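Dear colleague,

I am handing over the structure we spoke of, and I would be grateful if you could look through it before reading my notes. My findings come after it.

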Amino acid sequence: MLDAFSRSVVSADAKTAPVGGSDLAGLRSYVRDGNKRLDAVNAITSNASCIVSDAVTGMICENTGLIQAGGNCYPNRRMAACLRDGEIVLRYISYALLAGDASVLDDRCLNGLKETYIALGVPTQSAGRAVAIMKASATALIGETNSPASGGKRFRKMETTQGDCAALVAEAGSYFDRVIGAIS
Amino acid sequence: MKSVVTTVVTAADAAGRFPSQNDLEAVQGNIQRAAARLEAAEKLAAGLDAVTREAGDACFSKYSYLKQAGEAGDSQVKVDKCYRDLGHYLRLINYCLVVGGTGPLDEWGIAGAREVYRSLSLPTGPYVEALTYTRDRACAPRDMSPQALNEFKSYLDYLINALS
């Protein structure tokens, strides 16, 4: 497993060069925006249960066949497995966002996930849709772009200082896209 | 690669939980000290060749017998390899400063070093002498800020202890 710092070390070691100059600029921005990143991780972890249950609910609303007899979220046992998987994926995304590097997500979550889902008969298209909904709500919470209209009864805004979080929103979004890409 | 963030994530993953407030605080503490580390890494990277040269010269001037026939530095090829190794050690210290932990030195420098030096009949004393010279030669604020120097010297001491 690597983080943003050890990633630059590993790539410098391949060239037997020290880490200096331009390589350090990226790390300095990680340090400078460190508090923003911790707030972003906190935005995901504090709302994890809500993000996951909303995503699975949304996926089922769009395709109600999933909870009818023969569907992949029927009976409760399989619905519970679906919620559990959503939480696991979100957890590894929060690790990747904390580390600033996707290697933990790749190594410990995505490696072999598609093959497992195919073997178990899980519809990867539906799973990908649930991850896409998680992406929408997580990025809205990180960037504080969510609105009462889209949030409904569950609307919540994180009480963090206002600022430019575009880079972190994009980074978090890229990890969700990585999951969708890996299972579809 | 062991670092503060990967240690925190490994522990959270083993427990199957999201990163907790404790984890975020640990990472925050690491970030606060990062500016000095990165400064030391930058200055060391910029002067790596000069520092290597000075350290090697210091060790060969103290142990001049090393260049006699039958000793570890009796040909130019062997002397060059000594300088190369010192450069490698300093590069690994640069990596440690970037990561904020001893992971790179442990994994790529120290693990197995004793066995290698023994099988090649190489003395580790001269390496210790060269690194000690570097440690005592570096000074603030000429080379880097005091806090950065402190970080740099702590990794030098870690390596010296491992080699002695």
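Predicted model: local features only at pLDDT ≥ 70, side-chain atom pairs only at ≥ 80, totals over all residues.

**The interface of chain A and chain B**

The contact between the two chains takes 37 residues of chain A and 32 residues of chain B. Together chain A and chain B bury about 3,100 Å² between them, and 70% of that area is on carbon and sulfur atoms. On the side of chain A, M1(A), V9(A) and Y95(A) supply 18% of the area buried against chain B, which is more than any other three residues of that chain supply.

As for polar interactions, 14 residue pairs are found in polar contact across the interface of chain A and chain B, with both residues of each pair at pLDDT 80 or more. The elements of chain A that give two or more residues to the side touching chain B are α1 (4–14), α2 (22–32), α3 (34–46), α5 and α6, and the largest share, 8 residues, comes from α5(A). Sorted by class, that side of chain A has 22 nonpolar, 9 polar and 6 charged residues. The number of salt bridges between chain A and chain B is 4.

One residue that I looked at individually is T6(B), which is found in helix α1 of chain B. With a relative accessible area of 5%, T6(B) is buried, because that value falls under the 20% limit. Leaving aside residues up to four places away in sequence, T6(B) touches M1(A), L2(A) and D3(A) from chain A, and M1(B) from its own chain.

**Salt bridges**

Over all chains, the structure holds 21 salt bridges. Which residues are linked in a network around D13(B)? The network of salt bridges joins D13(B) with R91(A) and R108(A). In one of its pairs, the side chains of D13(B) and R91(A) meet with an N to O distance of 3.1 Å. D13(B) lies in helix α1 (residues 4–15) of chain B while R91(A) lies in helix α5 (residues 76–99) of chain A, and so this pair joins two chains. Both D13(B) and R91(A) are buried. In the pair of D13(B) with R108(A), also a salt bridge, the closest N and O atoms are 2.7 Å apart.

Within chain A, D106(A) forms a salt bridge with R178(A), where the closest N and O atoms are 2.8 Å apart.

Another salt bridge of chain A is formed by the side chains of D33(A) and K36(A), with an N to O distance of 4.0 Å. Here D33(A) has a relative accessible area of 27% and is partly exposed, and K36(A), at 31% relative accessibility, counts as partly exposed too.

**The two domains of chain B**

Chain B is divided into domain 1, which covers residues 1–32, and domain 2, which covers residues 34–163. The C-alpha centres of domain 1 of chain B and domain 2 of chain B lie 30 Å apart, and the contact takes 6 residues from domain 1 and 8 residues from domain 2.

How much area do domain 1 of chain B and domain 2 of chain B bury between them? The value is about 550 Å², with 53% of it on carbon and sulfur atoms. M1(B), K2(B) and N30(B) supply 70% of the area that domain 1 of chain B buries against domain 2 of chain B, more than any other three residues.

Between domain 1 of chain B and domain 2 of chain B the count of salt bridges is 0, although the interface of these domains does have 3 residue pairs in polar contact, both residues being at pLDDT 80 or more. By class, the side of domain 1 of chain B that touches domain 2 of chain B has 2 nonpolar, 3 polar and 1 charged residues.

With best regards

Terms used:
Residues numbered from 1 in each chain as written. Chains lettered and ligands numbered in written order. Heavy atoms only, no water. Domains from an automatic or database assignment. Contact = heavy atoms within 4.5 Å. Buried area = accessible area lost by both parts, 1.4 Å probe. Polar contact = N/O pair within 3.5 Å; in protein donor to acceptor, adjacent residues only side chain to side chain. Nonpolar A, V, L, I, M, F, W, Y, C, P; charged D, E, K, R; others polar. Buried < 20%, exposed > 50% of the residue type's maximum accessible area, 1.4 Å probe, protein only. Helix = DSSP H or I, 4+ residues; strand = E, 2+ residues; numbered from the N terminus.
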